[in-house]
Structures are given as C-alpha cells and as structure tokens.
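My entries follow in the order I checked them.

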Amino acid sequence: MTQPSHPWLRGAKRAAKATNESSTNSTTERHADDRAPSTLDRRDFLARMAASGFVIALSASSISCLGELGGAPDFEPSVYLRISEDGTVTFIVHRSEMGQGVRTALAMAAADELEADWSRVKLEQAIGDEKYGNQNTDGSTSVRDGAWMNFRKAGAAARRMLETAAAAEWGVDVSEVKGTNGEVLHPATERRLPYGALVARAAKLPLPTDVPLKNPAQYRFIGKTVASLDLQAMITGRAVYAQDLSMPGMRIAVIQRPPVYGAKVAKFDGAAALAVKGVEQVIEIPCADIPAAYKPLGGVAVIATSTWAAIEGRKKLAIEWTASPNDSHDSAEYRKELEASVRAPGKVVRDLGDAAKAIAGAARKVTAEYYVPHLAQAPMEPPAALAHVVDGKCEAWACTQDPQSAQSTVAETLGIDKKQVTINVTLLGGAFGRKSKPDFIAEAAFLSKATSKPVKVVWTREDDLQNGYPHTVSMQRMEAGLDARGKIVGMLHRVASPPIGSTFAPNDEYHSDGELALGVLDLPYAIPNVRAESCKAPAHVRIGWYRSVSNIPQAFAIGCFMDELAHAAGKDTVQFLLESLGGDRVIDMTATGAVKAVENYGAKWEDHPNDTKRYRGVLERVAAESGWGTPLPRGEGRGVAMHRSFLTYVAAVVRVKVAADGSVSVPHVDIAMDCGFAAHPERVRSQCEGAVIMALSNTMTSELTFARGRAVQANFNDYRVVRMSGAPREIRVHLVESGGPIGGVGEPGVPPVGPAFANAVAAAGGARLRQLPKVAD
C-alpha cells in the first residue's frame, strides 16, 4: 500500500519542538521523545540501520538470531529487543500502555538481564502481530504471564552474545568477561567494550538457549523503583494519544448510533447536517444484528474537516429508528426480574454436602440480597481511531488494548485478509476494559474505505457512556446457617447477572463458569455444606469487561455477607474471617463440589493454588496497619474485606465518617496486597491507589441505568466518579512478601474495597448497605 504521510503530525511537531528547545536533553526527555509509538519511525530506523550497520534482534520467546540486517525482510516484526551501534537499547513492547506502567516494567525485566545502561534505553510500541504472542492487555496478565519471562530471557541471551563477542575480540574465554551496565568488562586486564561496539560481531554468533537468569539478589532494576519511561512525555503534554492523531487529508467523523441496542436506521435526512460549514459527507453505516460482538453498532456518520463541524452536523441529523427488542428495557423493572430470579432455584454450579439441610438445622439463619448496577469504564480519553484504506489495505492507529483482535475485526469489516491490516497502538488515556473491544476501529476503517480518505472516528464522552460495553448488573442472594458457637455450617449463594457471553452468542442468559470462578467457585472458607447456583439474567445491552470484572459484585456480596454473619455470631469480623478460613492449607479445588473444573485465570491450580495462608497474611497485615480494633470517635467506623483475584490476595480496611445528615466521607484506606513478587513496587502501589479510587466510585457514586432501552447517564455530571474532594485523605498500601508465585496487580485492588466501605458504614452506625452506589440510597 502507499505509505501514508506521518500520522502523528501534532504529536511529532510537539516532540520535535521540545527536542530543539533542549539540545542537552536529559535521559528521560530523550525517552519521552520516543513515546509516539510509530511503526513508521521504526521502519525508518531499521532502514537506516540496514544501510549503515548491524543490529542484534531477538525474539524473546523463541530466541531466533536475526543476524545482519542487510535488508533481510523476515527478521523484523518478531523482535522484542534491539541494540544499535550507538549503544541505544530499544525494547519493543507488545502490550498497551494505559497508565499502568507496563512498558517500563517489561523493559526493566529485559534490561536487568541484559545489564543495560538504563540511560540508553528506549521504548518502541509493537504493532498488532501474532508473532508477539498474546497482545491483549487485559486480565492483569502483562507481567504475570509469559511476557515477563520472555523479556528476561531475551535480555539474558543478548548479554551472553555480547559477552561472547567481546571475549572473541580479546582472545579470552567467555567465562572471564561479564556484561555490566551497557559494556562488557574483562576484569583481569581492565579492558572494556561498550555494547554498541560489539553488535556487528555479536549479530553473527549462534544463539544461546540456556542462559541462566539472575537470582533476586543480583537484580539491578527488578523489584526496585525505576522512573517510568513514559512519564515525562505524559506530564509535559508531548505524549500522543489516539484523540491527538492527525495526518494530511484526514477527515473527522462522529456517528449517531442507535439509541437502543438492536435498533436500526429506518430512514434519515442529512441535508441539514450537510449545510454546516465543514461537513462534507453523511454516510449510513450498516447496523449490526444482535448480539453485536465487536461489530460496529452502525448508524449515520457525519464526515467533516473538524471535530466541531462533525459534532454540529450530527446534531442536525434527522433519523428514524426501527423498533428493538430492548425498547422496553428499564433498570428498575429489570432489577425486580433479577430479584425474582435469585429467589428461585437456578443452575447448580457447586454442591458440597447438603447446604439446605445444614441451614435449616442451624442455630441461626441469615439471609441477604446484594445489588450492584451496571458500571461504565468511562476512561478519561474516550475511544478514537484513525484509519487509512488504500488499494485494499488498511493501516490504522488507535488506543486499543488488543491490536490483534482489532486486526481481525477490521479485516472482517472490510472483507479483506487480516494480513492486509496494520494496527498501530497509541498510548491509552485509560481503558479499564473498554478498549479491548475494537468496534470503534472498525468504524474508522469502514468510513475510510467509503470516503477514500484517512478518517478519524471520535467518540465523545456521551458516545462512550451511552453506546459502550457496560459492566454487568448483578443481583446475588446469600443464605447461611450458624451453629451455636457462631461457626458457618452451610451456605447458599445464587447469582443472577447477564454474562459477557451474551455479547457474542444469542440466548446466553446465565453467568458462565468462568465468571463464577471470580469469587463464587473459589470461595476460600472452610464451610462443610455449600451450594452455588447461577440464575437466569437475559441481557439487554452489550456486556463488556470492566476492571476486575465480576469479582466486583461477587466480592461485594460475599464480603458484606461475611461481615453480617460475624455480627450475627457476635464476633469481631477479622477474627470471624480468620476462623472461617479454617487454618493454613492449600484448598483442593477438585473437592469443593464444583460441577465443572474451576478456572483459575488461565493458570494451573498446582502453579497458583488457592492458599488460605496468603489470605491470612494480607488480612492480618491490614488489620495491624489500620489499627483494627482500636477506638474511634463517635460516627466513625472501620470495615474490612478480603478477596483473591487474578492470582493475587488483597485485604482492605476502609475507615469512614458518617455525618448527621447521613453523608459519608472516607478519611483513610489501608490495603494489603500479596502479589507474590512486586516487579516494580512503586507501580504496584500506584495501581492499588488507583484501584481504591475506582472502587470508591463504584461504591459511592457510579451507576449506569437504562430507561426505554436508552442509557440515562451521559457524562460525568450524572455518571459520577469520586471527586478529589471525596477521595480519602490517606491511602496506605502494604505489600506482603509471601514468596508465592507472581500474580496480577492492575485489577485485584478493586474488589475488597467496596464491601469494606459498606461494612465500615454499618460499623459507624449507618444503614447496612446492600446495594450500590451509596448515593442512590
């Protein structure tokens, strides 16, 4: 295809200006200049290198030698690491950066094994390509899964090749030299060679496959606080996000999508829109049949020379929509359906002992129902994508969490082979699961083909909240029996919640086993009789992933119910939780009564067991750090909850103050996390802090409702998130080093905060909170 002009016009100009203004850039600034993840830059760079020198390039997973460039066409896309003759080390990161620090974390892993000079490290964003393995930046997997080890192995192999090259240069055995901070040393003679001087020789060497990795005592970067390679560009406004994209000849598109999921365009009149200065075209996009999956919802697009003109033109569209099977969907009425659903037996997914008999014969019975509404991901940067279709090929730039999925969806939309689609990943201004769905990229591709121009589709905040993929709504019913000593003898847990699968398959009305594994089927408590049931809950909107997914409603129901049981038993909640865990043990997940094998976030149970000792560790730590049990002023209370998700254990203590008018403030939150090993402790802490704020928004303010099939909320004025004035004065994060296997970090901090907040309100003398958000009470 004809290569488009540089698409990062705005960002590139800013970066160039900043570079010129500071010829003595600090290391961090040089890194920042490279933040525009441009494949074009990468290709230009490789072309220059091919013409003038050598590069070492390694596939971190398979460690295949790429040798001298020499224009070799088949070596480039499958690399994670590159060293140039000037000593610059470039890491090609295949996961998306959305503020969580993944690019720096993976670079740290490789740089440590490579013994790189951190001041010479640069980042490059990979395009979507199956050669990189799974690129879906979702599920808190980027460090805990194979990418972490792949990057380390790549760095170790490269270092060994450089050491071998230096040894050959000096005529000594390789065991006599060592790579250190960007150069190879020969201690016996105090000779040294920088890595850049060795790449030509190293590139010709056979590839080592068995280089030992460092032990923790040898780490230089891993486990340490290292400055983010992205941060300087972000805070100085030089970072390029999808909404910043621009290129010559580009047009802007906004789309009027169906107001109700499943409605289609009956007819429309675009004449008034075309009268707006700057509006050039009005184009109908075919509306998707439901379930829509990743396909664009369709509607009418306004194509203009500016965003303002496109939005103004959209206001003047006259559209008639067909009826939809979801026209009568109403959140209040739907909640009643869910309540009725959980009050009747559902599909049995776990049956251990005889829960009904145990509860019936218990000394005391407790029953409660918990409701969590739809939540919207609501990233600060709404979705945006730029696409250019030329000669049957498409190149797109987008804030996507999953460029490979985008590649497939765009190809399907255009009716071309996915090999003809190139997806470039920009920085993401937040995502939380929304940007793993590529519908907005397919919209841009469709419109570029229709107009024969590069087209950027801009989603406004209103578009995002009203036409996105909200997190599922959930109703959960809990019943339990206590014996005379206050011990749980039986528990029934019913869940009615539209499944994510309903977005992809028709008539999918039950929470899946995978979703139930997020808290329900992996319940850690030593209860002899447990029954869990999945109850019917038909979907009326596109259901999507959301940070922590179904762990949120399930942790809320279980965490609140355990607190209610503790009160019923007349026991301190922390003590009750410890007693209910039943002693340190690895739970045999084949003997819990689960009808099917319980999923474990893609990991084997033997590798990542359900370990009650780690639950106890975080619970005892957060209790101690928060001053659990010490007196508080009147009107204040502490609440506690714990939850395992994404292979990480977290406990939270939330302290609240309930005012005379019933309003609640949160002065302190303590959160303890055992993720096995914190590869970048400061980023782990920041992830936990962000998780607390997001969880408090879920708990106190956020709710997406529907009336007549339409989303009611449209922007942050009515879909509220916690403001700075409502944030805790202090969030303290406590990392627990258990020595366990490494777990996820991005999402596990969210689930226990909501129930801890609700329990704290009750402890402070407020009402027992069984539905979210608090503001809706």
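**Entry 1: E163 and R160.** I looked up E163 and found it buried, because its relative accessibility of 5% is under the 20% cut-off. This is a predicted model, so I treat each value as computed from predicted coordinates. The side chain of E163 forms a salt bridge with that of R160, at 3.6 Å from N to O. I placed both residues in helix α5 (residues 146-170), where they sit three residues apart, about one turn of the helix. R160 is partly exposed, with a relative accessible area of 28%.

**Entry 2: E339 and R335.** I then went to helix α10 (residues 331-342), which holds both E339 and R335, four residues apart or about one turn of the helix. Their side chains meet in a salt bridge of 3.2 Å, N to O. E339 has a relative accessible area of 18% and is buried. R335, at 23% relative accessibility, counts as partly exposed.

**Entry 3: D674 and R614.** Next I checked a salt bridge between the side chains of D674 and R614, which is 2.8 Å from N to O. D674 belongs to strand β24 (residues 664-674) and R614 to helix α18 (residues 612-626), so this pair ties together parts that are 60 residues apart in sequence. Both D674 and R614 are buried.

**Entry 4: salt bridges overall.** How many salt bridges does a search of the whole structure find? I noted 45. I also noted a network of salt bridges that links D112, E115, K214 and R220.

**Entry 5: R477.** I looked up R477 in strand β19 (residues 474-482). Is R477 buried or exposed? It is buried, with a relative accessible area of 18%. The side chain of R477 makes a polar contact of 2.9 Å with the side chain of E479. Setting aside neighbours within four places in sequence, I listed the contacts of R477, among them V342, R343, E369 and H493.

**Entry 6: α19 against α20.** I checked how helix α19 (residues 681-700) packs on helix α20 (residues 753-763), and found an angle of about 55° with the axes 8 Å apart. The two helices are therefore oblique to each other. The crossing of α19 and α20 is right-handed. From α19, the contact is made by V692, A695, L696, T699 and M700, and from α20 by V753, G754 and F757.

**Entry 7: cis peptide bonds.** I found a cis peptide bond from I290 to P291, with omega near 5°. P291 is in the loop between β10 (279-285) and β11 (299-304). A cis peptide bond also joins L772 and P773, with omega about -5°. I placed P773 in the segment after α20.

**Entry 8: positive phi.** E190 is exposed, with a relative accessible area of 67%. D391, also a residue other than glycine, has a positive phi near 50°. D391 lies in the loop between β15 (384-390) and β16 (393-398), and counts as exposed at 64% relative accessibility.

Conventions:
Residues are numbered from 1 along each chain as its sequence is written. This is a predicted model: local features need pLDDT of at least 70, side-chain atom pairs count only at pLDDT 80 or more; totals for chains, interfaces and linings use all residues. Side-chain values use heavy atoms; hydrogens and water are left out. Buried means under 20% relative accessible area, exposed over 50%, partly exposed in between (1.4 Å probe, protein chains only). A polar contact is a pair of N or O atoms within 3.5 Å; within protein, one must be able to donate a hydrogen and the other to accept it, and residues adjacent in sequence count only if both atoms are side-chain atoms. Contact means heavy atoms within 4.5 Å. A salt bridge is a side-chain nitrogen of Lys or Arg within 4 Å of a carboxyl oxygen of Asp or Glu. Axes are lines fitted to C-alpha atoms, for helices over the stretch in contact, and angles run from 0 to 180 degrees between N-to-C directions. Angles under 35 degrees count as roughly parallel, over 145 as roughly antiparallel, 65 to 115 as roughly perpendicular and the rest as oblique. A crossing is left-handed if the near helix is turned anticlockwise from the far one by less than a right angle, and right-handed if clockwise.
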